[in-house]
Amino acid sequence: MITLEMLPLPAGTSLVPGGVQLVSLQLERGKTLWVTGPAEAGKTALLETIALRRPVADGAMTLLNQDAGPRITCRTRKLLQQRIGYIEAAPLFMDRLTVADNIALPLEMNHASKADIRRETESILQWFALEDHARSYPATLSQTARLRAACARALIAQPSIVLVDEPALTLCAGLRNHLLSTIRGLARNGTTALLATQTLPEEASLEGDILNLPQHKPSPENTDPSVPEEGVAAPRILVTKDERLLP
Ligand SMILES: Nc1ncnc2c1ncn2[C@@H]1O[C@H](COP(=O)(O)OP(=O)(O)OP(=O)(O)O)[C@@H](O)[C@H]1O
């Protein structure tokens, strides 16, 4: 259903010498895969590649049994994109359209009937508690509400593949739980999901297989760039005598 063979993906050079990892995976219909790994491990790059937002330079990829590798045709890309819902880390919206009209866009693009569009949009606005924002413009939404709107837009057409980047899974526990239970419902009808996060949630809500990125072993020295090595000087702003300068 989703297969990747030796697909080159970028990763931070502190994690993978040369900055390129080769990723292979096979994911059946209706399965959920947690994609995990430290910062710069290539999680977003993997989701963007499967969302067909990045070109595949080498290796092989099939999505929904269609060739989506380096020789993908424009027609296949367009048809596949209509069956993929991607909840990005920082979702973009059409700012001149209302939240409701943004959420309805995937159905408009699938040429659904006006009656279906109205019914499904109302239903998903309610499902993600967005009724009060339906006539607002995206620029007026809080970060959590933007992510709720992105979830509604990504799921309104009941996609066959759902891709979720970290913020929708970590910014707000209520949103994460609601999203995961929605994805579990879709999975029963065959939707395949990839969920990217640096650390896996501890709750019992965790279901599915795990893919650890990067696929190459980190270099032995400095495996976590967020932990300063011994002897590294702290920035001057953190020196005690500078504290009075802080706002
Ligand atoms: N188009 C590109 N060309 C080259 N390198 C890239 C490209 N896009 C991303 N990278 C690099 O690939 C690495 C992985 O980036 P990516 O955003 O996939 O990481 P991530 O695992 O999602 O990290 P985080 O958890 O911080 O979001 C980073 O080092 C990034 O700078």
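**Entry 1: two helices.** I began with the crossing of α3 and α4, and I noted that the crossing is right-handed. This is a predicted model, so I keep that in mind on every page. Helix α3 covers residues 99–109 and helix α4 covers residues 114–127. I looked up their packing angle, which is about 130 degrees, and their axes lie 10 Å apart. An angle of 65 to 115 degrees would count as roughly perpendicular and one over 145 as roughly antiparallel, so α3 and α4 are oblique to each other.

**Entry 2: who meets whom.** Which residues of α3 meet α4? I listed Ala100, Ile103, Ala104, Leu107 and Glu108. From α4, the partners are Asp116, Ile117, Glu120, Thr121, Ile124 and Leu125. Sorted by class, this contact has 7 nonpolar, 1 polar and 3 charged residues.

**Entry 3: around the ligand.** Next I turned to the ligand. The residues around the ligand include Pro10, Gly37, Lys43, Thr44 and Gln198. By class, I wrote down 5 nonpolar, 5 polar and 2 charged residues for the shell.

**Entry 4: the whole chain.** Last, I stepped back. I found 7 helices and 9 strands in the protein chain. Of its 247 residues, 34% are buried. I also looked at contacts with a separation of 6 or more: residues 24 or more positions apart account for 71% of them.

Notes: Residues are numbered from 1 along each chain as its sequence is written. This is a predicted model: local features need pLDDT of at least 70, side-chain atom pairs count only at pLDDT 80 or more; totals for chains, interfaces and linings use all residues. A residue is near a molecule or strand if its C-beta atom, placed from the backbone, lies within 6 Å of it. Ala, Val, Leu, Ile, Met, Phe, Trp, Tyr, Cys and Pro count as nonpolar, Asp, Glu, Lys and Arg as charged, and the others, Gly among them, as polar. Helices (H or I, at least four residues) and strands (E, at least two) are DSSP runs, numbered from the N terminus. A residue is buried if 20 or more other C-beta atoms lie within 10 Å of its own, exposed if 12 or fewer, and partly exposed in between; C-beta atoms are placed from the backbone. Two residues are in contact if their C-beta atoms, placed from the backbone, lie within 7 Å. Axes are lines fitted to C-alpha atoms, for helices over the stretch in contact, and angles run from 0 to 180 degrees between N-to-C directions. Angles under 35 degrees count as roughly parallel, over 145 as roughly antiparallel, 65 to 115 as roughly perpendicular and the rest as oblique. A crossing is left-handed if the near helix is turned anticlockwise from the far one by less than a right angle, and right-handed if clockwise.
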